Amino acid sequence: MTLDRSLALVTAVLFGLILTLGSVVVVGSGERQLTVSKMDEMQATALLLTSAMSQAASLSATHADRMAKDPLVISLMKSSDRDGLTRLLKPTYDALASEAGVNMLHFHTPDIKSFLRVQDPKNFGQDLSTIRPMILAANRSRVLQKGLEVGLAGLSLRAVAPILDGETLVGTVEVGVDIKSLMELAKSASGADFALFLSPAMTGVTPKGANPSKDLAGLAIEAATDTALFQTLYDRREIGLSREPVQGMAVVEGKRFGTFAQPLLDYSGRMIGTILIARDFSDLDSGFRRAVATATIVTLVGMIAAFSIVMVAVRAMVIRPLRDLAEHAEAVAAGTATEVVPQEDGLEDYKRLQRAIAAVYNGARRSSTDGGAA
């Protein structure tokens, strides 16, 4: 193999190794950064929903506490005036329902029976002492309670405040916020989908539409912004109970979703299910792949250009002078060379070699001439 081809091969292999190593480092770093960005985005999205739920719970607590301390409400509860309480608070409930997503304004008697549901005045009288621990806790401790609780109407974000006439408990009042409306607001703000899964085994309640024989041992969707998506994820066993936040990736109908699951806790801190977030990262992943492809093409074009420039320079500075020198040396050996005049091109080492060959050649000629003259 000639020096020209050897140098071309070695240079091409060297450029290829550098390109491969650089691509592995750059792509690997980009993937790690993309993974970290996805994790940060999912955690920020989860914080968005939990913050919205915390604010809604605080709002419910504020309204419940205000109503519990209203002298007119206290008077109507003492006199068991259900109609008067309805007329007084129906406008308030309608305003809260339209502006704050409130879907429940419920009063209870001291013996923990339903006294008045302002949203459904004809539905009252049920004994809640065995199914509503939040009401029981507020009733016995006489301290406001707030947070998530599973009731007859399903999971809701509630606040229960005691209604006191001096030191005497005359009842409790409950304000509840629709979870689904909070999830829809969070979806509008983040672009992600949200779902709440309840564990019937932990709550003792099977959500509406769930199959008791199937779901008691697992999870059932209580509320979701995209029920079909989350049901698919659940059927694939992408969702499960965990006491720690869990992140993952799933492909559904050709789309890549990032998933984030965290424990769903009720007002007392007891785990009752899972909050799951799913975010479509297909566009982000496609953008990353396009960026990698573009960078690869640019790098290849740059490599070809750099290879061409290097090989032109090598040929001009090394290969051509060496070829000329080799041809002249062959001519000297064959005795057909003429007097050598060093060429002023090539590297300095080649020029020295040219002059050395010329000196040897000229010295040989003088020796030959002197010998012939003698």
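User: Before we start, what do buried, exposed and partly exposed stand for?

Analyst: Buried means under 20% relative accessible area, exposed over 50%, and partly exposed in between (1.4 Å probe, protein chains only). This is a predicted model, where local features need pLDDT of at least 70, side-chain atom pairs count only at pLDDT 80 or more, and totals for chains, interfaces and linings use all residues. Residues are numbered from 1 along each chain as its sequence is written, and side-chain values use heavy atoms, leaving out hydrogens and water.

User: Why is Val13 called partly exposed?

Analyst: Its relative accessible area is 45%, and partly exposed covers the range in between buried and exposed, so Val13 is partly exposed.

User: What makes Glu41 and Arg279 a salt bridge?

Analyst: The term asks for a side-chain nitrogen of Lys or Arg within 4 Å of a carboxyl oxygen of Asp or Glu. For Glu41 and Arg279, N to O is 2.7 Å, so the pair qualifies. Glu41 lies in helix H1 and Arg279 in strand E10 (residues 271–280), so the bridge ties together parts that are 238 residues apart in sequence. Helices (H or I, at least four residues) and strands (E, at least two) are DSSP runs, numbered from the N terminus.

User: Is Arg279 buried or exposed, and why?

Analyst: Arg279 has 15% relative accessibility, so it counts as buried. Glu41, at 30%, is partly exposed.

User: Why does Glu174 count as buried?

Analyst: Glu174 has 0% relative accessibility, so it is buried. Arg158, with 1%, is buried too. Salt bridges that share partners join Arg132, Glu149, Arg158 and Glu174 into one network.
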